[in-house]
Amino acid sequence: MDDSKINYTNYSLLILCAGARSYHEDFCLIEPLLNIGNTLAIDRIKKRYSTVKLKIYVAYNENSRVLNKLESFKDFQFLNVGNTEGVIQTIEISLNYIKEKYVEILPITTIPDKEYERKKAIYFGEKEIFKENWSSLKYSESRKVIFSRKKDKENNYQNSFPFTGRISSSRLDLIDAIKFIPKNQRNDLINLASILYFNYKYEIIHEKWFDLGHSVTYVETKNQDISSRAFNKLIFNSKKF
């Protein structure tokens, strides 16, 4: 273990894998095995958090049970949450096993851009893009925050900031906030994020959205990763397809 790392005894990272599925009918891999550049998503996530000592938990179910046998997932604590009704129930069950005071939540399909910060915050993309089947936010002319759920189709194809799914929170805030979410709204993480923002005054942070969870953004994420290296430049000509 690298002793130069900052030791955050009361801090943990919860990686959400219980919803792991076959990514797309054209892909053979499940989401946790997707890559960015020449590395698996999980390896890039570990690298982003490598400067701090956090207890890392992985929420999974029978569909993703093979993960704990992989080298990239060693040293993690696996939490079998079973087949839940949605991502928020997955978090709720996981919190019964997590004892650290602070918890960072991260979907397996999101590669964090900014390094870990001890803040109470929810993270959105830094650029406005056309909304598709993801949650997002936009600002009114008076800078009022307006959240949009995945299923709010009336906001599709309008410019907004995509929700990365990353939440940095107090464990007790999460437990308390989840109580306010009806069971039929527990399949969209934006419902938890909005409560943390309005009721608990969480900060909104914008960062680059490296997303592997949607076919529309997956190619762009790999493009950004390749082009971010000084010696690489990738140009995609959509007219050829």
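**Salt bridges and helix packing**

Modeller: In this predicted model, Glu-71 is exposed, with a relative accessible area of 57%. Lys-74 is partly exposed, at 44%.

Colleague: Which side chains meet in a salt bridge with Lys-74?

Modeller: Side chains of opposite charge can pair when their charged atoms come close. Here the side chain of Lys-74 meets that of Glu-71, at 3.0 Å from N to O. The structure holds eight salt bridges.

Colleague: Are Glu-104 and Arg-166 buried or exposed?

Modeller: Both Glu-104 and Arg-166 are buried. Their side chains form a salt bridge at 2.7 Å, N to O. Glu-104 belongs to strand E6 and Arg-166 to strand E12, so this pair ties together parts 62 residues apart in sequence.

Colleague: What does Arg-166 form with Glu-207?

Modeller: A salt bridge also links the side chains of Arg-166 and Glu-207, at 3.0 Å, N to O. Glu-207 lies in strand E13, so the pair ties together parts that are 41 residues apart in sequence. Relative accessibility is 0% for Arg-166 and 1% for Glu-207. Through shared partners, salt bridges join Glu-104, Arg-166 and Glu-207 into one network.

Colleague: How is the packing of two helices described?

Modeller: The angle and the distance between the two axes describe it. The axes of H3 (residues 171-178) and H4 (residues 190-200) come within 10 Å and cross at roughly 105°; the two helices are therefore roughly perpendicular to each other. Residues making the contact include Leu-174 and Ile-178 of H3, and Leu-192 and Tyr-200 of H4. The contact residues comprise seven nonpolar, no polar and two charged.

Key
Residues are numbered from 1 along each chain as its sequence is written. This is a predicted model: local features need pLDDT of at least 70, side-chain atom pairs count only at pLDDT 80 or more; totals for chains, interfaces and linings use all residues. Side-chain values use heavy atoms; hydrogens and water are left out. Axes are lines fitted to C-alpha atoms, for helices over the stretch in contact, and angles run from 0 to 180 degrees between N-to-C directions. Helices (H or I, at least four residues) and strands (E, at least two) are DSSP runs, numbered from the N terminus. Angles under 35 degrees count as roughly parallel, over 145 as roughly antiparallel, 65 to 115 as roughly perpendicular and the rest as oblique. Contact means heavy atoms within 4.5 Å. Ala, Val, Leu, Ile, Met, Phe, Trp, Tyr, Cys and Pro count as nonpolar, Asp, Glu, Lys and Arg as charged, and the others, Gly among them, as polar. A salt bridge is a side-chain nitrogen of Lys or Arg within 4 Å of a carboxyl oxygen of Asp or Glu. Buried means under 20% relative accessible area, exposed over 50%, partly exposed in between (1.4 Å probe, protein chains only).
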